[in-house]
Structures are given as C-alpha cells and as structure tokens.
Amino acid sequence: MLFFTQCFGAVLDLLHLRFQHYQAKRVFSSAGQLVCVVNPTQNLQNGSNRSAVPEEDSSERKEQYLCRQSVNDPQLTSCTCPLYSCKWEGHLEVIVSHLTQSHTINILHGTEIVFLATDMHLPAPVDWIITHSCLGHHFLLVLRKQEKYQGYPQFFATMMLIGTSAQAQNFNYKLELNRNRRKLTWESTPRSVFDCVDSVITDGDCLILNASVAQLFSDNGSLAIGIAIAASKPCSVEPEK
C-alpha cells in the first residue's frame, strides 16, 4: 500500500505538471512564444546542520559566499544560484555549466519566452530560476518570493547578465504580466551576476509584486511572465562561450 501511494502521488504530480504546461502552451501559442514551466526551489540554506553553527557565524558565512567577489581574484564570482548553500567559486566562462550540472537549471533559447512559475502558494522563501540564452550571451532570471515583514510576502523578479557590468549596459530586458485585460510591465538594464540577487532585491531594482497583485495575474497557482531581451546598442564585447 505504501508503494502504491507513493507511485500514485508521483503520477498525480506528473499529470499536474503536464496540465500546467498544456494550459500555458494553449494560452501563448497564438503569439508563437516559447513556454518554460519552472518549478520552485525552496530554501536549502536552512538545513539540519545549521543548528551546529551559531546564528551570527552562519549569516556571515552565507554573506561571504553569496554576495562577494573573491578578494584574491576579482574575475572570480561565487555561485549565482540563490537559496543554495553553495561554496563554489569560478570564472564567468564556467558559471553556466556549474548551474546546469550542479543545480540542474534549465537553459532556454530565444529573445522572447514565457516563464511559467508554478506553486505560487508555497511559503517564503522560494525561488524560480532559469538561464536564458540569446544574443550571444547568457542571462539568469530569478523570481523570488520573500517576506518583507512577517506575514507579508512579496514577489521579486530580476534579470542578470552572466557577464560584467560593462557588458550588461549593452542590453535591455522587459518583464510583462498580462491576464484578464490587465497588463503590468517592467523594463530595465540587467544587472551583472557580480551583483548578488540579495543586493538587487534590497535596492529595489527589480519587478516587485505584493501578494494581492500577484494573485490578480496568477492562474491556478501559476504566474506567467513574458520575457524579452534586446540589445540597447551595438555590443563590441566578445560573446560568452
């Protein structure tokens, strides 16, 4: 009976995911946009081993690993995948392979796609993450659900270039929510992955939704965000390999 229950639960999860994917493709097929269903990643930093480390020490270590550049080599960056307690550091050229291999982050291709985040009801903190490849570069899209105050969750969406700040100035990105004759758009220049996601959210340099606004644009617990990236000016920098 236990085996049957587990198998039945797995089948239901698969059917639910297929149904969400079908709904998204049906809604956006007329626009010819590529749809990516993105599952949430809950906070993995609060593991069982955290109690063995004092709270202040734990916070300091996370800040060092997630939000700093290497002092010894300014070309090194820490892992750009938020909510993971990952101590990896490396050069820009190998960030994408680290994200796909170590954190199984999907890569989508094309200048215009639809990012469909599922299970918006999950308690904060939660992240939805994909890598977006276009115009010869890779971008990291992060949607985060985080409590600004206790019991007051907000959603933050930002696009970051896996490249330098100078390279990021060559691009513009647009995030668009469109449902039930309502439209909300955010346009900006992407930030570099050398700026950590936490800093971008703290600065407010991203799309910010409170829970009630997010509910207006959600459909059966999923939030669809249209993504478009364009070159703001001719880029003389070599494309990322």
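Mentor: A residue is buried under 20% relative accessible area, exposed over 50% and partly exposed in between (1.4 Å probe, protein chains only). This is a predicted model, in which local features need pLDDT of at least 70, side-chain atom pairs count only at pLDDT 80 or more, and totals for chains, interfaces and linings use all residues. Residues are numbered from 1 along each chain as its sequence is written, and side-chain values use heavy atoms, with hydrogens and water left out.

Trainee: Is Cys-134 buried or exposed?

Mentor: The relative accessible area of Cys-134 is 7%. Because this value falls under the cut-off, Cys-134 counts as buried.

Trainee: How many disulfides does a search of the whole structure find?

Mentor: A disulfide is a covalent bond between the sulfur atoms of two cysteines. The search criterion is a pair of cysteine sulfur atoms within 2.5 Å. Cys-196, at 6% relative accessible area, is buried, but the number of disulfides in the whole structure is zero.

Trainee: Which strand is joined to β1 by five bridges?

Mentor: Helices (H or I, at least four residues) and strands (E, at least two) are DSSP runs numbered from the N terminus, and two strands pair if DSSP finds at least two bridges between them. Strand β1 spans residues 34–38, and four of its five residues are buried. Val-37 has Leu-116 as its bridge partner. The strand that runs parallel to β1, covering residues 112–117, is β6.

Trainee: With which side chain does the side chain of Arg-191 make a polar contact?

Mentor: Arg-191 lies in strand β12, residues 191–192, and is buried at 17%. Leaving aside neighbours within four places in sequence, its contacts (heavy atoms within 4.5 Å) include Met-159, Asp-203 and Asp-205. A polar contact is a pair of N or O atoms within 3.5 Å; within protein, one must be able to donate a hydrogen and the other to accept it, and residues adjacent in sequence count only if both atoms are side-chain atoms. At 3.1 Å, the side-chain partner of Arg-191 is Asp-195.

Trainee: How many residues has the largest nonpolar core?

Mentor: A nonpolar core is a set of buried Ala, Val, Leu, Ile, Met, Phe, Trp, Tyr and Cys residues joined through side-chain atoms within 4.5 Å. Phe-115, Trp-128 and Ile-227 are among those with the most contacts inside the largest one. Not counting residues up to four places away in sequence, Ile-227 touches Phe-115, Ile-130 and Leu-175, among others. The residue count of this core is 32.
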